[in-house]
Amino acid sequence: MQDSSEQHETAPTTWTVDDVDVEFLPLIYEIIRSLEKDPHDNAQKSRDSLDTTQKILELQRKLEKAREQIRKLPGIEYNTEEQLKQLDVLRNQLRLKRELLHKYRNMCSFEIPKA
């Protein structure tokens, strides 16, 4: 079952890597711990087995949610070559803008004559 905070969660308009929920380790740790338990009571074994199954299902849901979030990241539809090409274009634009800023900073300032 999902808690109410997950149901009312608002999605960001522009996704970034920081928005992707990739906190899997605590859940994996809990699954491993529950598998390592060796109770002698059969009733306890069945409860632990059910609990482990629920944690595994929760991990599967969380992995699927992360996949969906990753698909929403900007630029994910481009292959590596296209991304590198775009990066090169952006770096070139940045270099040109820095050169222009440097040029304008070093220009003589014009003084307005006082009347």
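## The start of helix α4

In this predicted model, N79 caps the N-terminal end of α4. A side-chain oxygen of N79 lies 3.1 Å from the backbone nitrogen of E81. Such a pair is a polar contact (N or O atoms within 3.5 Å; within protein, one must be able to donate a hydrogen and the other to accept it, and residues adjacent in sequence count only if both atoms are side-chain atoms).

Helix α4 covers residues 80-105, 26 residues in total. From its first C-alpha to its last, α4 reaches 37 Å, close to the 38 Å expected at 1.5 Å a residue. The expected span is 1.5 Å times one less than the number of residues.

## Overall make-up

The protein has four helices and zero strands, and its elements run α-α-α-α from the N terminus on. Helices (H or I, at least four residues) and strands (E, at least two) are DSSP runs, numbered from the N terminus.

Of the 115 residues in the protein, 13% are buried. Buried means under 20% relative accessible area, exposed over 50%, and partly exposed in between (1.4 Å probe, protein chains only). The accessible surface comes to about 10,700 Å², and 55% of it belongs to carbon and sulfur atoms; such areas come from the Shrake-Rupley method with a 1.4 Å probe, and for residues only the protein chains shown count as cover. Among contacts (heavy atoms within 4.5 Å) between residues at least 6 apart in sequence, 70% join residues at least 24 apart.

An α-helix has 3.6 residues a turn, so residues three or four places apart point the same way.

L27, for one, touches K55, E58 and L59, not counting residues up to four places away in sequence.

## The largest nonpolar core

Five residues make up the largest nonpolar core: F24, L27, I31, L59 and A66. The elements giving two or more residues to this core are α2 and α3. A nonpolar core is a set of buried Ala, Val, Leu, Ile, Met, Phe, Trp, Tyr and Cys residues joined through side-chain atoms within 4.5 Å.

A66 is in helix α3, residues 42-71, and counts as buried because its relative accessible area is 4%. Its C-alpha is 6.2 Å from that of V20, 46 residues away along the chain. Leaving aside neighbours within four places in sequence, A66 is in contact with V20, D21 and F24.

Q69 is also in α3 and is buried, with a relative accessible area of 6%. D51 is in α3 and counts as partly exposed, at 34% relative accessibility. D51 and L35 are 16 residues apart in sequence and 10.0 Å apart in space, C-alpha to C-alpha.

Residues are numbered from 1 along each chain as its sequence is written, and side-chain values use heavy atoms, with hydrogens and water left out. As the model is predicted, local features need pLDDT of at least 70 and side-chain atom pairs count only at pLDDT 80 or more, while totals for chains, interfaces and linings use all residues.
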